[in-house]
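Opening the notebook on this one. I want to look up the charge pairs first, then a helix and a pocket.

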Amino acid sequence: MAERNIESTIPAMLRERANLQPTALAFTFVDYQKDWAGTSESLTWSQLYRRVRNVAAELERCGLPTGERALILAPQGLDYIVGFLGALQAGLVAVPLSVPEVSAQDEHIRAVLDDSSAAVLLTTSAVAGNVAEYAKPLPSRSAPAVVEVDTLGQDSPTRSDADVRWPATAYLQYTSGSTRSPAGVVISHTNLATNF
């Protein structure tokens, strides 16, 4: 997989926003499952950047090389965004999926896990027990690491962005697999950054 170090990556844009607009709101998630009126939670650009860099530092400690796949299996919310962006920040290829809620999703998740050869599962402590069953070794692959993004602190030292070599691929978006095995669509950093 070709690597590039360009300033139009999401991590570069995130760093820029954290420096130029540290107190501006980056994301707000409104949770209607906790309360019918909605409970909101927000992150500023600087808070988001610190959490993303902390996830990247944890992934670096896992010893994952550039271009490895990071499967995101977390509930909807800010932790999902942090996990996704943390994977990009670490130079990994993000593979976003819905958190497993019913057994019908099991086959889909296993198919994506096998096809993507994910080396790490990014999740939260609330669903880590459900996700753990996907972190078992198989004859075709070793067990992926599991990282609970919500349990990580906000200020962890990590390498500078200048040291990161991002792969050309930012993330793999898989089809639903309702009529055949899920197929991955490659999204490049350049295409993703133009919509950020």
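About how many helical turns separate Arg61 and Glu58 in helix 2? About one, I note, because the two are 3 residues apart in that helix. This is a predicted model, so I keep that in mind throughout. The side chains of Arg61 and Glu58 meet in a salt bridge, 2.9 Å from N to O. I looked up exposure too: Arg61 is exposed at 52% relative accessibility, while Glu58 is partly exposed at 22%.

Next, the other salt bridges; the structure holds 3. Arg51 pairs with Asp79, with 2.5 Å between the closest N and O atoms. Arg51 sits in helix 2 and Asp79 in helix 3, so this pair ties together parts 28 residues apart in sequence. I find Arg51 buried at 12% and Asp79 partly exposed at 22%. Glu133 and Arg110 form a salt bridge as well, at 3.2 Å. Here a loop between helix 5 and strand 7 is tied to helix 4, since Glu133 lies in the former and Arg110 in the latter.

Back to helix 2. I see 17 residues (45-61) reaching 24 Å from first C-alpha to last, close to the expected 24 Å. Of those residues, 12 are buried, among them Trp45, Leu48 and Tyr49. Their cover includes helix 1, strand 2 and helix 3. Just after the helix, Gly63 takes a positive phi of about 75°.

Last entry, the largest pocket: I get about 580 Å³. It has 24 lining residues, and Phe29, Asp31, Pro75, Gln76 and Gly77 are the closest to its centre. By class I note 11 nonpolar, 6 polar and 7 charged residues in the lining.

Conventions. Residues numbered from 1 in each chain as written. Predicted model: local features only at pLDDT ≥ 70, side-chain atom pairs only at ≥ 80, totals over all residues. Heavy atoms only, no water. 1 Å grid on protein atoms, 1.4 Å probe; cavity = no way out; pocket = protein on both sides within 12 Å on 5 of 7 lines; lining within 4 Å. Points joined across faces, edges and corners; volume = space filled by probe spheres on them. Nonpolar A, V, L, I, M, F, W, Y, C, P; charged D, E, K, R; others polar. Helix = DSSP H or I, 4+ residues; strand = E, 2+ residues; numbered from the N terminus. Expected span 1.5 Å × (residues − 1). Buried < 20%, exposed > 50% of the residue type's maximum accessible area, 1.4 Å probe, protein only. Contact = heavy atoms within 4.5 Å. Salt bridge = Lys/Arg side-chain N within 4 Å of Asp/Glu carboxyl O.
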